[in-house]
Amino acid sequence: MRTLGNILWHFPLLGFIRALAYLVSGCLCCLTVLLIPVGLGWFQLAKYYLLPFDRAIVTREELAMISGQPYKSDEFMSILNVIARILYFIPGCVAVVAAAVAMVGQFISLIGIPAGLVESRILRVYFNPVKKICVPREVEDHIKALKAQTVAAKYATPPAYRAPAQDASPACSPETGYRSDAQPGAPATDASMTDTRTTDAPATPENLLARTAGTLRGYTPGISLVAGVAVIYLFNLIYSLSPLLRLMDNAHLLPHTIGAGLMTVGLVSLASRSHGTNRIISAVLGIAVAVPALLMVIRSAGMHLGFDHTLYIILGIVGTVCSLAIAGMMIVGLAGTKNRLMQYGCALLLATAALEILCGFISPTLNYSPIRHILLLVAALAGWAFFTAAMYEESRRDNNTLR
């Protein structure tokens, strides 16, 4: 029956077209960086739509129940998941309502009942495709059985209480290395002292590679932030050198959106690792960078719907507010902290903003000057590099204080 259902799903219901549509949509979401978790979820939807009667979609937490180990995602992806769910909330609500209406129509038509059954099993995925994975139906059945056992265990008779067995050998103090029954002045013996020191792992190529990967993972927010800055300013430099790019409408949209997405992820990651003023500065900067980029994407879509002028005014107002917020945070970092790296970074970033404004006032032709864009690229990269180094230094200092 499943094989027959899969055949009917593709012919005559043309389910493969829907799979292809979600594959393309997932690629477009991944290009925005901020919606990478949504794009990955849509890839799983595309895989599901190829054989919908043989497959199911579960969460990664549910899949981890089979191994008995809790699901742990990377810190970078955890932050990206939160951002993607916030940005996808309204489109997700619209998608669920549209899918529910279409599903009701399919059941009423009788011919579309197989398609309605397929849609009914993944309605929740439309609302939140983040951290979803496509698995065979047998895996889903096994997960349901494990959930049933967990629920049944709550109503089972609790076992009789047994007092814990007393350890024959007294515990060893980690501070002194002596057992609790040893005399304070007694010399250390093999029976009364335990060596609590740990030895480092041997320097094998695998261990060195693991240490390098761990170090790079710790610097992921800084790398993401600086990479986003480089994408934006390098494209501006290429744009000033290429007359062909200037003739293209919205040529800056994709690189600026990718750069802003990388910067937002880096700043939010830094905010999650920081405390106090540094957390506020990073969080405000992340929001101030992300909102104009999102509005640029909305405006590009509104150009085809006749709302270009209205969205242009809104984008100008919101962009001005976000620019003032960024300048305010730079002033706070410059005057409100004693960290030299933070002061150097904020000063360079304020100088970068002042140079951009000054060139716009002097002459519009300076906007296409390669020398101007080279200076902006160097100043922006140096400023954000100093800013990132200061955030890491403060975070390391706070962690040492907490310890």
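Tutor: Let us begin with N236, whose relative accessibility is 18% in this predicted model. Residues under 20% are classed as buried, so N236 counts as buried. The residue belongs to helix α11, which spans residues 220–241. Leaving aside residues up to four places away in sequence, N236 touches H256 and H373.

The chain as a whole gives the setting for this residue. It has 403 residues, and 34% of them are buried. Its secondary structure comprises 17 helices and two strands. Among contacts with a separation of 6 or more, 70% join residues 24 or more positions apart. The chain exposes about 23,900 Å², and carbon and sulfur atoms supply 70% of that area.

Helix α2 covers residues 15–31 and helix α3 covers residues 36–50; they pack at an angle of about 165°, with their axes 8 Å apart. Because angles over 145 degrees count as roughly antiparallel, α2 is roughly antiparallel to α3. Their crossing is left-handed. On the α2 side, the residues in contact include R18, Y22 and L23, while those on the α3 side include W42, F43 and Y49. By class, the contact of α2 with α3 has 15 nonpolar, four polar and one charged residues.

Methods:
Residues numbered from 1 in each chain as written. Predicted model: local features only at pLDDT ≥ 70, side-chain atom pairs only at ≥ 80, totals over all residues. Heavy atoms only, no water. Axes fitted to C-alpha atoms, helices over the stretch in contact; angles between N-to-C directions. Helix = DSSP H or I, 4+ residues; strand = E, 2+ residues; numbered from the N terminus. Parallel < 35°, antiparallel > 145°, perpendicular 65-115°, else oblique. Left-handed = near helix turned anticlockwise from the far one by under 90°. Contact = heavy atoms within 4.5 Å. Nonpolar A, V, L, I, M, F, W, Y, C, P; charged D, E, K, R; others polar. Buried < 20%, exposed > 50% of the residue type's maximum accessible area, 1.4 Å probe, protein only. Areas by Shrake-Rupley, 256 points an atom, 1.4 Å probe, with all protein chains shown as cover.
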